[in-house]
Amino acid sequence: MKTILITGAQSGIGKESAKLFASKGWNVIAGMRNPQLDKTFIEMENVKVVKLDVLNAEEIQAVAKEILDNGGLDVLFNNAGIGVKGCLDATPIDSIQEVLRTDLMGPIQLMKAFIPYFKSKRSGMLLTTTSLSGVVSFPYDSVYAAAKHALTGLCESLYFELKPYDIKVKVIVPGPVNTNFKMKTYNSNQNLKPAKNLSKILIPDFNQLTEAKEVAKAAYEAATSDNDQFEYIVGDVAKDLISQYRSQGIEEFKDTLSKKIFK
Ligand SMILES: NC(=O)c1ccc[n+]([C@@H]2O[C@H](COP(=O)([O-])OP(=O)(O)OC[C@H]3O[C@@H](n4cnc5c(N)ncnc54)[C@H](OP(=O)(O)O)[C@@H]3O)[C@@H](O)[C@H]2O)c1
């Protein structure tokens, strides 16, 4: 039985992933900030709920020690995350730091806790939920884009660095997903039309939003396929925008997007 540690398993993509991996017979360690509120996994024998705030270094060390003392780990799924949107000048520095610490430093600390063990057994996988915002940068998204671009860069670098140890590094790249993802908004613009135009590009139809279950399926495929694929893009919006961005290049893409947003 393989074992996966999933962060942010209290809700959304993390919760759906924990359910899916458990249903396939995996040993799931479901990290969450408030395990006492969990009702989903209480009766699932192969799911162990653990208290894990990715901002808390002591909790990270305690969870890692418990896992390494009790059979080890096959996949570390760094999925927990928060966001913030709006204008950089209006966003308080504390909120900016909280996003960078949660979305970047949390995963880094968890990776550091398991890489030596993965290296010693010459196997293992670092799976990470990045975002469309980790590939393409949109306006009013600077802090989240900075965090997720950094996370993408971290994983791309680790892909090569850990290859000689047979440790796989893969990223799940969703576009907008139908979850309760928290995005505090800070605005200093009078004109809200550009942000509305952008929303229509990112979510053309609320009834067609990607569901968390689809993202969980991609995570399962990434964890179980023996291929060397690095990137799993999920949802039509993310696929289309990333394809346009990569085929056009930044100069043409920025002109096209600007025309659509500031029309
Ligand atoms: N939803 C989207 O449109 C979308 C698109 C692209 C990428 N993503 C990424 O997908 C991942 C999962 O998000 P989601 O959409 O499933 O939203 P979600 O339901 O809000 O899930 C995020 C989870 O992360 C947890 N979390 C936040 N801060 C944490 C911390 N310090 N320590 C531990 N857990 C923490 C939250 O726990 P609490 O319940 O305690 O807050 C929550 O369970 C995130 O990395 C997000 O950036 C989401």
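In this predicted model, G124 is buried, with a relative accessible area of 14%. The residue is placed in the loop between α3 and β6, and that loop also holds R122.

- G124 counts as buried because its relative accessible area of 14% falls under the 20% cut-off.
- Leaving aside neighbours within four places in sequence, G124 is in contact with D74, F118, D166, I167 and K168.
- One of these contacts, D74, is 50 residues from G124 in sequence, yet the two C-alpha atoms are 4.8 Å apart in space.
- R122, in the loop between α3 and β6, has a positive phi of about 55 degrees although it is not a glycine.
- R122 has a relative accessibility of 44% and therefore counts as partly exposed.

**The loop between α4 and β7**

- D166 lies in the loop between α4 and β7 and is among the residues in contact with G124.
- The backbone of D166 has a positive phi, about 60 degrees, although the residue is not a glycine.
- D166 is classed as exposed because its relative accessible area is 51%, and the class requires a value over 50%.

**Helix α4**

- Helix α4 has 21 residues, and the distance from its first C-alpha to its last is 30 Å, close to the 30 Å expected at 1.5 Å a residue.
- The buried residues of α4 are V143, Y144, A145, A147, K148, L151, T152, C155, L158, Y159 and L162.
- Cover for these buried residues comes from elements that include the helix α3 (93-121) and the strands β5 (83-86), β6 (125-129), β7 (168-174) and β8 (183-186).
- Y144 is listed among the buried residues of α4 and is also one of the closest residues to the ligand.

**The ligand and its surroundings**

- The ligand is surrounded by 28 residues, of which the closest are I13, R33, N79, Y144 and T179.
- By class, the shell around the ligand divides into eleven nonpolar, 13 polar and four charged residues.
- Helices α1 (12-23) and α4 (142-162) each supply at least two residues of this shell.
- A polar side-chain atom of S11 lies 2.8 Å from an oxygen atom of the ligand.
- For N79, a backbone N or O atom is 2.7 Å from an oxygen atom of the ligand.
- For V177, a backbone N or O atom is 2.8 Å from an oxygen atom of the ligand.
- On its own the ligand has 890 Å² of accessible area, and the protein covers 93% of it.

- Why does S17 count as buried? Its relative accessible area is 0%, which is under the 20% cut-off.
- Not counting residues up to four places away in sequence, S17 touches I6, F77, A216 and A219.

- T256 and Y245 are eleven residues apart along the chain, and their C-alpha atoms are separated by 10.0 Å.

Key
Residues numbered from 1 in each chain as written. Predicted model: local features only at pLDDT ≥ 70, side-chain atom pairs only at ≥ 80, totals over all residues. Heavy atoms only, no water. Near = heavy atom within 4 Å. Polar contact = N/O pair within 3.5 Å; in protein donor to acceptor, adjacent residues only side chain to side chain. Areas by Shrake-Rupley, 256 points an atom, 1.4 Å probe, with all protein chains shown as cover. Helix = DSSP H or I, 4+ residues; strand = E, 2+ residues; numbered from the N terminus. Nonpolar A, V, L, I, M, F, W, Y, C, P; charged D, E, K, R; others polar. Buried < 20%, exposed > 50% of the residue type's maximum accessible area, 1.4 Å probe, protein only. Contact = heavy atoms within 4.5 Å. Expected span 1.5 Å × (residues − 1).
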